Amino acid sequence: MRIISVLFNLFLLATQVFGQLNPDPFKQLGTDLPTANEYRTASGAPGHKYWQTRADYKMDITLNDEEKKLYGDETITYHNNSPDDLSYLWLQLDQNVRSKDSDSHLIGTTALNADGGNSTRTLNRLNPTFDGGFKIESVTDENGRGLKYTINKTMLRIDLSQTLQSGQKTTFNIKWWYNINNTRVIGGRSGYEQFADGQRVYCIAQFFPRMCSYNDIEGWQNKQFLGRGEFTLIFGDYEVNISVPEDHLVAASGELQNESSVLSSIQRDRLKKAKNSFAQPVTIQTLDESLENSKEVATKYKTWTFKADNVRDFAFATSRRFIWDALGVKMSDGRTVMAQSMWVPEGDCLWKKFSTKAVAHTIKWYSHYTFDYPYPVAWSIDGSMGMEYPMICFNYGRCESDDTYSKRMKYGHIGVIIHEVGHNWFPMIVNSDERQWTWMDEGINTFVQYLTEQQWERNYPNRRGPAHLITDYMGGDKSRISPIMTNSESIFQFGNNAYAKPATALNILRETVMGRELFDHAFKEYANRWKFKQPYPADFFRTMEDASGVDLDWFWRGWFYTNDHADQAIGEVKHFTLNTGNPEIEKARQREIRDNALTPISDIRNRDISQTYDEIDTTLRDFYTTYDPLKLDAVDQHNYENFVAKLTPGELELFNNGKHYYQITFKKVGGLVMPVIFQFQYTDGTTEDFRIPAEVWRFGADEVTKVFPTDKEVSKITLDPYLEIADTDTSNNYYPPQEEASRFETFRQKQFLQQNSRENPMQRANRAKKLKKEIKP
């Protein structure tokens, strides 16, 4: 009995090991996903008892431009909509990542370059001297009594004097201040940029203690902020008073409440005109006004008041150097959303042409693919970075000294605006957990960015989205490639993993696996189900299947849970034609093959034999000396007539249809299962496409063989002809195999090309015009 038990355990172990070494790519995800419940259903929709907590904020903020400090006083009303009673609350202190003792300094790895090229930012990380963490002055209840609190690095816990029961709310106050960091020296998503004239642009975010999310998946999401995994937040209403020098302009999340107090009558008139301008932006503060405004520094302060309803965060930007324009965007429900930009003179050549129109374009097309933009304004701010918040984002784009710009700068500028404005949908409204799952906002948003860029300009030079652009990454060193389903802090090659790969995966679903109609419907369903709610990966996976009727578990498993790559190859190809049985046709075909066959070298040289024996002695010759088995005779014709007489009309048609049969072996070299897509090119120059679903690999084989009948003879077979499956090695995708000759450059050529590549195409065109004038005929 003991022997049987041991053998059974060994069998179980062997089964587990075999399963690990030979995972089933079509195994359903059921047991790998969280169990569905009354909060989150198996269809991927919020359940009938779905809940989420809420926090409303009232803040008074003062930005001291001279000291480069921010002072804040906030009153938070926290609504416990959970079914649980809470004895303490957690808040995020993200600015503590700038503390001198922050873990973000300790966990980073650094190496110095002995030959130089070490940035000041790198050196600052080695011995941080800037103290940019929160200085909490007080935490009190609504009656001003002190509350017990504990600071744990980037988290703050408030111990409540009495339990906050389910369905109740509590109000408390926090006062704080911190030193604002120089983003050019220290980096960061928030801070100021210093200019040569001594003026600054402030892009301020994560500037106040914010409530953590408490939900049915994580409980309190109080994972420390280390600088990469962004934010997990809850919705609420904001009333924010921002005091800045009186010569500053301010842009912020929400609507400005006191225009008459902070804007001139000219600015108000221009803004009113902009609300009714739907084609071209209206300038609110001009370049000349910006330059004049920067000549002197105001010492008095002015308070701007903003309200933002049902947002998960708040940010603002302020400077005396800003240029400002605005454009109305008509929504399907009749509302007008104000698309607006503020920028500095150094970026004027780009921003005045593209920024606000890119904002309006993003609002139009993201609304098309998901749901109408619900907020009243959308800002693009020149912060020389890329970062997003509700209704406002900080972007980049600067001109050369001669007011030209490179192609890369142009499309980088447009692309970052589309991307960051697009974040209003993901994750500002479809409120995913960024701290855990970067791909749910960055990857999904990058995908919709790609769709929106296609609507901007034909042949837009996309960086991410199309399948062929991800192949170098996916075919690379597996030890440096993480599965998409990896926590934000632990991802190798962050941009490729969290942005490019999920965006590519969704594009492949849309173009190849599901088709545009099914995908667009399911994707819009996901966005509408989870707007103003907090989805997790399973909710996305389940909704996409539920709304489309397509089993995608194999796709999620391969693309999101592994670091496998796709590589298909054409193996053996055999060409068959059906033997018609007609001796007149078949013997003629066999004679042609025989007559065109290669001749062995010995036979060629033996032609020099002067006389063979049977030529000398002809008595040696007999029937077989001149017998040709391929010569048609009466027996052949008689047998064929008897054969045809026994065939049905359908069978006779089959024998006479003249079809070609191609038996092709397809190989799965990479680990990902993908549809098999290939093209026949016929000898007459026409082509035909074939698409085989990924389920052809369902039994785990690394190669499959299929036969394809055609009416015409095939001259060429191409696998993945439209670059749809992210095939990492296309050299094995052709029959007959084809090679591409490589071209090389000499050292002198390379040196010359590098020297001339330092000017952008606009500068080159200007130089060409100048040369043309100098070389007049």
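How near do the axes of helix α11 (residues 494–513) and helix α14 (residues 553–561) come, and at what angle do they cross?

Mentor: The model is predicted, so local features need pLDDT of at least 70 and side-chain atom pairs count only at pLDDT 80 or more, while totals for chains, interfaces and linings use all residues. Residues are numbered from 1 along each chain as its sequence is written, and side-chain values use heavy atoms, with hydrogens and water left out.

Two packed helices are described by the angle between their axes and the distance between the axes. The axes of α11 and α14 come within 11 Å and cross at roughly 155 degrees. Axes here are lines fitted to C-alpha atoms, for helices over the stretch in contact, with angles running from 0 to 180 degrees between N-to-C directions. Helices are DSSP runs (H or I, at least four residues), as are strands (E, at least two), and both are numbered from the N terminus. The two helices are therefore roughly antiparallel to each other; angles over 145 degrees count as such, under 35 as roughly parallel, 65 to 115 as roughly perpendicular and the rest as oblique.

The crossing of α11 with α14 is right-handed, a term that applies if the near helix is turned clockwise from the far one by less than a right angle, whereas anticlockwise is left-handed. On the α11 side, the residues that meet α14 are Lys501, Thr504, Ala505, Ile508, Leu509 and Val513. Their partners in α14 are Trp554, Phe555, Trp556, Trp559 and Phe560. Contact means heavy atoms within 4.5 Å. By type, this contact consists of nine nonpolar residues, one polar and one charged. In this scheme Ala, Val, Leu, Ile, Met, Phe, Trp, Tyr, Cys and Pro count as nonpolar, Asp, Glu, Lys and Arg as charged, and the others, Gly among them, as polar.

A second pair may be set beside this one. Helix α7 (residues 348–369) and helix α9 (residues 442–456) have axes that come within 9 Å and cross at roughly 115 degrees. That makes α7 roughly perpendicular to α9. Their crossing is right-handed. Residues of α7 in the contact include Phe354, His361 and Trp365, and those of α9 include Val448, Leu451 and Trp456. The contact of α7 with α9 divides into eight nonpolar, six polar and one charged residue.
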